[in-house]
Amino acid sequence: MNPAITSREHPDPSQKGDGVLTFYDDGHGRKKDGQHRSPSSSDLAYGILDTPPWYLCIILGIQHFITALGGLVAVPLILAKGLCLQHDPLTQSYLISTMFFVSGICTLLQVFFGVRLPILQGGTFAFVAPSLAMFSLPTWKCPEWTLNASQVNTSSPEFTEEWQKRIRELQGVIMAASCFQMLVGFSGLVGYLMRFIGPLTIAPTIALVALPLFDSAGNDAGAHWGIAAMTIFLIMLFSQYLKHIPVPVPLYGRQEKCHTSSVHLFQLFPVLLALCISWLLCFALTETNILPSAPTAYGYLARTDTKGDVLSQAPWFRFPYPGQWGLPTISLAGVFGFIAGVIASIVESVGDYYACARLVGAPPPPKHAINRGIGIEGLGCLLAGAWGTGNGTTSYSENVGALGITKVGSRMVIVASGCVLLLMGVFGKIGAAFATIPTPVIGGMFIVMFGIIAAIGISNLQHVDMNSSRNLFVFGFSIYCGLTIPNWVNKNSDLLQTGILQLDQVIHVLLTTGMFVGGFLAFLLDNTIPGSLEERGLLAWSQAQGSEETTRVLEIYGLPCGIGTKCCTSSCTRFLPFWPRREPGGKGAMGVSQLTLCSQDFSGERLQGAIDTRM
């Protein structure tokens, strides 16, 4: 046996006949009996496998939808200028509804067939930069007459063709780039690379998802710091100070009829309560004209009527469908730029998977689950391109942060949220109404969420020896470069011109994505600078992955209806890197670092099908 392994043997009663012993280690040499609970799962209101009451699922699903609303609405509005739609709010609402609808489909696909963690899917900012870079080309620059509201006739065929040919180009390049993402995921390349990725790579990657967004969150909150500060205070008050205070709620049941029951509302709905209170205050200040009505005045964006055009012009019902803007087109220059965005999105999503698993008390995701997750995200980008959102889809870090606040990690809540997104995509008027949330309210919420995400990333360093100068250098250098290099490139992009447009786009997107810069440097340094497994945290990381009961990993990360373990267990599927399967000889290891001991029979022959003991 490997001398680095100091586990104690724990035989599995179900394996007495074949001589294979399965044993677990909790990181302290103690035997594990019963269901293992990670440190973060002890105070969860609902775990990943729990099913809250249906009404809680709906309300919590709406809360996740509202948490993602800023990104879901912001991406189409950012792209509107490049699409020549800045003076066509009705078409903007169509794009927002389509984004809602596709995000709902992708969320359900991810929860049921992807990584199977409670992560919401939505538009990705990693695709915004290559989109704007493509629109900056002379071919795609908007005509001057589209910039003047008095000259724009939104119902004219000329104007319709002007913006539709741009979004059809986006559709084509997104669908082409999504094929690359599906190849990376379903081929197992991501799972293979995970053997070289440890805490020192994951920590700066997750932290840099949130840290570079301080400027965006600050600008939104700065639209009215008073409203933003109140939103932040309410979220902190409900989630930290009042979370253990029960609130009597009137209920009705068949047996007890009308009665009251104590519910921890503040712990379950801190974000939703804070947003509703802040929204109502902004509405009152708008109706009384306390907030300024001049568009250039400070505090104007806190008014609830600044986006009234979207609400008044959006239809009540509209069903998005593939190819609604016409047949997609494609260009080589756009594909190269979007592949760079796909790479950045993959790095972010892998970090989100680990962060989400930690928050909901689940074991770290095995390789086959990560492969499926990235592959399904690629499929989601393909669907987003076909439907014409003008963007792709990715895992939403904001909603991972919401899990840390609400302490509700149930998968069924995200299923409900996916259904809510589908409904919002169909009921255009309702979806447009949510787009009227004032900017400073969203900014205050983002400040709290991004802070939690950054802390989640840094918390991965608990497995690492931070008294080591090696590890201090790797983490400090990586995270600082992840902030410095993108800032410099954004200000000096002209100095990186190679003369090849496609190459310039790839370089610009990669070097302006902080999570890619920091994660890549951490990955490179951690795997090249000499250091022991214990010093790098890989030993504790592997033990943490292998300490979970395999039945629990099967429940969380296995496909629904026993696919791969009870049915569809053909010998051909064992070659598929994204397919869950049982290891020969008993409980399915399901791709985690479980350790199995190979023994010999009484004749000294090695048992057929036994597995060598290894890390």
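**Helix pairs in close-up**

**View 1. Helix α18 packs against helix α20 in this predicted model.** The axes of α18 (residues 469-491) and α20 (residues 514-528) come within 8 Å and cross at roughly 155°. Axes are lines fitted to C-alpha atoms over the stretch in contact, with angles from 0 to 180 degrees between N-to-C directions. α18 is therefore roughly antiparallel to α20 (an angle over 145 degrees). Their crossing is right-handed (the near helix is turned clockwise from the far one by less than a right angle). From α18, the contact (heavy atoms within 4.5 Å) uses R470, F473, V474, F477, S478, C481, G482, I485 and P486. From α20 come G514, V517, G518, L521, A522, L525 and D526. By class, ten of these residues are nonpolar, four polar and two charged. Gly counts as polar here.

**View 2. Helix α7 packs against helix α17.** The axes of α7 (residues 214-221) and α17 (residues 439-459) lie 7 Å apart, at an angle of about 145°. This crossing is left-handed (anticlockwise instead). A217, D220 and A221 of α7 meet T439, P440, G443, G444, F446, I447 and F450 of α17. The contact has six nonpolar, three polar and one charged residues.

**View 3. The two pairs belong to a protein with 23 helices and six strands.** Of its 615 residues, 55% are buried (under 20% relative accessible area, 1.4 Å probe, protein chains only).

**Notes.** Residues are numbered from 1 along each chain as its sequence is written. Local features need pLDDT of at least 70, side-chain atom pairs need 80 or more, and totals for chains, interfaces and linings use all residues; side-chain values use heavy atoms, without hydrogens and water.

Technical notes: Helices (H or I, at least four residues) and strands (E, at least two) are DSSP runs, numbered from the N terminus. Buried means under 20% relative accessible area, exposed over 50%, partly exposed in between (1.4 Å probe, protein chains only). Angles under 35 degrees count as roughly parallel, over 145 as roughly antiparallel, 65 to 115 as roughly perpendicular and the rest as oblique.
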